[in-house]
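Dear colleague,

Please find below the structure that I am handing over to you. My findings follow it.

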Amino acid sequence: MKLNPNDPETLNILGHILWKKGDLEGGKNCFEESVKKKPNLRGLRYLSIILRSLPCERKDKPANVQRSLELAKQALTLDLKDGESWCR
């Protein structure tokens with residue numbers, strides 16, 4: 001199987017693997033690239049979650065949470081009935 005690095009879903013899969021292995025920054029980069037190529041539910045949802053999980057200085061936390069909320073809202077606009085976006 002050949003993976004296409006320009007496919008947003010491929011980037012989402014790689015981002016999810018990196019995130020679960022503890023590489024939050026690597027996962028974040030994959031999700032950002034995925035969303036940049038094409039706004040998509042999974043990329044937006046996971047990027048929102050990862051931003052809230054990133055260790056950061058206290059002064060950076062409000063900006064991360066604000067961006068996370070904006071991404072979560074974007075994810076919901078793509079599929080209002082998606083239960084995973086609502087429960088995380």
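Along the sequence, the protein chain follows the pattern α-α-α-α-α. It holds 5 helices and 0 strands, where helices (H or I, at least four residues) and strands (E, at least two) are DSSP runs, numbered from the N terminus.

This is a predicted model, in which local features need pLDDT of at least 70, side-chain atom pairs count only at pLDDT 80 or more, and totals for chains, interfaces and linings use all residues. Residues are numbered from 1 along each chain as its sequence is written, and side-chain values use heavy atoms, with hydrogens and water left out.

Of the 88 residues of the protein chain, 38% count as buried; buried means under 20% relative accessible area, exposed over 50% and partly exposed in between (1.4 Å probe, protein chains only).

Helix H1 covers residues 8–20. Its 13 residues should span 18 Å at 1.5 Å a residue, and the end C-alpha atoms are 18 Å apart, which agrees. The expected span is 1.5 Å times one less than the number of residues. Among the buried residues of H1 are Pro8, Leu11 and Trp19. The cover over the buried residues of H1 includes helix H2 (24–37) and H3. Glycine 22, with a positive phi near 100°, follows H1.

Helix H3 (residues 41–53) should span 18 Å, and its end C-alpha atoms are 19 Å apart, which agrees. Because 10 of its 13 residues are buried, H3 is largely enclosed by the rest of the structure. Those buried include Leu41, Arg45 and Tyr46.

How values were computed: Contact means heavy atoms within 4.5 Å.
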